[in-house]
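Keep the structure open while reading.

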Amino acid sequence: MRLDQGVMNMTIKPLKQLAIMKDRISSKRVIKDCFKLLKYEQTWLLACNRLGYTKEQVLATQLALKLNKSTSQWFSQLANADLEIISETCLFLLNEIFSTDQIPPQIPLTSIDQINEIKQQFHKVNWMITIETFHIDRAELKKLLNVLIDDLRFNGLLSSVIDWLQHHDNPCFQQFAREIFLSFYLTNLKERNKDLPMIYEEQKLHIGFSTTKQHINHLYQQLCSSLKNNDNCYFKHFSHPLILNNYQIKQDKNMKSLRIEVPQQRLIEYAKLFQYGDFHNQVPKARGGLVHRSVFEIHSVYQAELNQIAYKYRYADNFSCLGQLAYFAQLSFVKTIALKYSCTMRQAIVRINELKLPRLRIQRRKDK
């Protein structure tokens, strides 16, 4: 039979012990007896509930682990199903112990509510510390876990799981490794700084502070000492824009509110992407790949591209700056028509006007 879905709602002893371990980690104390959690059937059934294995399969793997010393050699000889069940169970325990509400969910900036939330949280911020977690080495993760978990048998099993997971599912490994590292370091940081605004995007965590340069430098030195790698951590004044999800977040001139804008660099990049020409130097170009199409079709291609950009930045405070890109696209469109008919730009404009085609434009369309 399949795993009982009701197991997710059970109040069981392992969860109570996990809660105790979580409290110990939060108070910067080591945890012990993690391997004992694996003797409970409920631990395995709860951890593997989403995998789709039967109850008998999961408990057979538990029994196999119980009867062996869980050495790396034994682990490497297991079937894929057993490896997946053991790894899922160990990750479940780690996530329960180290999971934290300190790390905010990733914000894609696709709604006005998300943008307003950032504006509200960061409007008083004057310094920003950024932690990059683009790659976590498994040796670093093992070393950290060995410091936090005083259980030789569990750490030995965990070492095998980490090696296997990094090889077979590196994105999953990197995700849980980042969460463990960040939750550990943020615990130290938040002890002295309550209610810190944060933005988490992909592999960067941005933390805002309203403080002095002397204090931010002190916090930065503390973090770098913990992270053991200065390349993964840096700070800057919030007068320098923060690039997030293709937007730039910056303070207004009076330092009283935040603006979320289209970066000027993105206009240059879009012009290059869609082959409008060199936007930076204002040199439009014809698109030879479109000349075989009708004028109406070419116009539709240009307008569809601009609509795509307009929708992406529909909440930008400087939305009107996209008009510059629309004007540049219009010049490229005229040059493309001139190339199509082997005529001058003036003659191309006459042809376009005769067809009563509207000028390319950027129009703000918001979600209802």
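## Second largest pocket

Sorted by class, the residues lining the second largest pocket are 8 nonpolar, 4 polar and 6 charged. The model is predicted. The volume of this pocket is about 350 Å³. Its lining counts 18 residues, and those closest to the centre are Arg50, Glu88, Leu91, Leu165 and Cys172.

Helix 5 has the largest share, with 7 residues.

## Nonpolar cores

The largest nonpolar core holds 50 residues. Leu141 and Ile149 touch the most other members. Elements giving two or more residues to this core include helix 1 (13–26), helix 3 (55–67), helix 7 (138–148) and helix 9. Helix 5 gives the most, 10 residues.

Which residues does leucine 141 contact, beyond neighbours within four places in sequence? They are Ile136, Ile162, Phe173, Phe176, Ala177, Ile180 and Phe181.

A second, separate core has 48 residues. Among them are Ile199, Val262, Ala310 and Ala316.

## Glutamine 248

Glutamine 248 sits in strand 8 (residues 247–251). Is glutamine 248 buried or exposed? Its relative accessible area is 14%, and buried means under 20%, so glutamine 248 is buried.

Neighbours within four places in sequence aside, glutamine 248 is in contact with Pro241, Leu242, Ile243, Arg259, Ile260, Glu261 and Pro263.

Methods: Residues numbered from 1 in each chain as written. Predicted model: local features only at pLDDT ≥ 70, side-chain atom pairs only at ≥ 80, totals over all residues. Heavy atoms only, no water. 1 Å grid on protein atoms, 1.4 Å probe; cavity = no way out; pocket = protein on both sides within 12 Å on 5 of 7 lines; lining within 4 Å. Points joined across faces, edges and corners; volume = space filled by probe spheres on them. Helix = DSSP H or I, 4+ residues; strand = E, 2+ residues; numbered from the N terminus. Nonpolar A, V, L, I, M, F, W, Y, C, P; charged D, E, K, R; others polar. Buried < 20%, exposed > 50% of the residue type's maximum accessible area, 1.4 Å probe, protein only. Contact = heavy atoms within 4.5 Å. Core = buried A, V, L, I, M, F, W, Y, C linked by side-chain atoms within 4.5 Å.
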